[in-house]
Amino acid sequence: MTLATLKDVLQPALRDGYAVAGLVTLGWEDMRAYAHAAEAEGLPVILQAGPSCRKHTPLPVLGSMFRNLAESVSVPVVAHLDHGYTFDECREALDSGFTSLMFDGSRLPLPENIDQTARIAEMAHAASISCEGEIGFVGYSDGEQSTGTDPEEAAQFARDSGVDAMAISCGNVHLQQNKEGGLDEDRIRAIEAVTDVPLVIHGGSGVPVAQRTALARGSKICKFNIGTELRMAFGTALRNAVAKDNDRFDRVQILSDVEAPIEAATRQVLRALAAK
């Protein structure tokens with residue numbers, strides 16, 4: 001088994017100048033394509049169960065799926081809860097075999113965010129797994145606006161919460177379908193100057209690939225979350241698979257045609273974050 005914690009994969013990335021992809025999963029076909037892509041590239045991968053995924057599939061089932069995939073490949077695989085909003089949800093993920101918990105308290109006042117995140121980090125560390133927290137709200141392309149992370153607050157959060165990775169808000173936006181934006185590198189430099197905790201970018205699909213690569217190799221950003229970009233690739237592949245034969249109705253046949261294009265798209269994502 002190559003099951004790993006978030007700390008297991010991010011500390012080498014911080015040391016050696018690369019980033020690891022946190023890939024947002026929605027079902028078995030994309031999970032398996034992500035694991036096969038990581039194996040083909042010889043790179044670690046973080047399989048993430050976010051709120052949409054958990055709405056569709058219970059956490060105990062997701063934990064078993066992630067662990068099964070970890071057993072099937074030789075590269076490190078992290079089973080990661082993405083955007084856990086309550087202690088109980090994080091506890092259930094831990095009990096379901098996840099090796100990393102991300103608690104999102106970014107909408108909370110700073111003291112409350114620190115206190116709740118620290119409680120979950122303590123629980124995670126007692127079980128020898130990892131914890132990611134978020135300071136500075138990352139908005140959504142069709143809704144709430146990002147607030148931006150204050151470097152002084154980031155330093156306090158990193159110090160007092162005990163997290164193994166810290167998600168920050170620096171121009172990134174969830175669910176962005178284009179790459180016309182970009183990250184605020186001045187803000188990133190100010191944050192990484194006050195902490196040695198590996199940094200995380202949520203909404204990585206909206207970040208230009210060249211900037212992802214440059215920051216992966218030249219900053220303390222060690223994890224880029226990629227969801228929308230691969231969801232779009234899945235949608236395109238699924239439409240093509242359905243249109244190929246109007247008489248086909250078997251979902252296994254249809255979805256079998258989807259995995260190869262998803263794996264190819266994922267390999268590009270992974271390669272762009274790898275070391276030189």
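**Buried histidines, helix packing and loop residues**

Histidine 83 has a relative accessible area of 4% and is therefore buried (under 20% relative accessible area; over 50% is exposed and in between is partly exposed, with a 1.4 Å probe and protein chains only). The model is predicted, with local features requiring pLDDT of at least 70 and side-chain atom pairs pLDDT 80 or more, while totals for chains, interfaces and linings use all residues. Residues are numbered from 1 along each chain as its sequence is written, and side-chain values use heavy atoms, with hydrogens and water left out.

Histidine 83 lies in strand 4 (helices, H or I of at least four residues, and strands, E of at least two, are DSSP runs numbered from the N terminus). Although histidine 83 is not a glycine, its phi is positive, at about 55°. Strand 4 spans residues 77–84 and also holds histidine 80. Histidine 80 is buried, as its relative accessible area is 0%. Its side chain forms a polar contact of 3.4 Å with that of glutamate 132 (a pair of N or O atoms within 3.5 Å; within protein, one must be able to donate a hydrogen and the other to accept it, and residues adjacent in sequence count only if both atoms are side-chain atoms). Apart from neighbours within four places in sequence, the residues in contact with histidine 80 include Leu6, Ile46, Phe66, Phe98, Met102 and Lys223 (contact means heavy atoms within 4.5 Å).

Helix 2 (residues 28–41) and helix 4 (residues 59–72) have axes that come within 10 Å and cross at roughly 30° (axes are lines fitted to C-alpha atoms, for helices over the stretch in contact, and angles run from 0 to 180 degrees between N-to-C directions). Helix 2 is therefore roughly parallel to helix 4 (angles under 35 degrees; over 145 is roughly antiparallel, 65 to 115 roughly perpendicular and the rest oblique). Trp28, Met31, Arg32 and Ala35 of helix 2 meet Leu62, Met65, Phe66, Asn68 and Leu69 of helix 4 in this contact. By class, the contact of helix 2 with helix 4 comprises 7 nonpolar, 1 polar and 1 charged residues (Ala, Val, Leu, Ile, Met, Phe, Trp, Tyr, Cys and Pro count as nonpolar, Asp, Glu, Lys and Arg as charged, and the others, Gly among them, as polar).

The axes of helix 9 (residues 209–218) and helix 11 (residues 251–273) are 7 Å apart, at an angle of about 45°. Helix 9 is therefore oblique to helix 11. The contact involves Val209, Arg212, Thr213, Ala216 and Arg217 of helix 9 with Val269, Arg271, Ala272 and Leu273 of helix 11. The residues of this contact are 5 nonpolar, 1 polar and 3 charged.

Aspartate 164 is placed in the loop between helix 7 (151–161) and strand 7 (165–168). With 12% relative accessibility, aspartate 164 is classed as buried. A polar contact of 2.7 Å links the side chains of aspartate 164 and histidine 125. Not counting residues up to four places away in sequence, aspartate 164 also touches residues including Lys7, Ile129, Cys131 and Pro198. The C-alpha atoms of aspartate 164 and glutamine 11 are 9.0 Å apart, with a sequence separation of 153 residues.

Serine 128 occupies the loop between helix 6 and strand 6 (130–135). Serine 128 is exposed, as its relative accessibility is 60%. Its phi is positive, at about 65°, although serine 128 is not a glycine.
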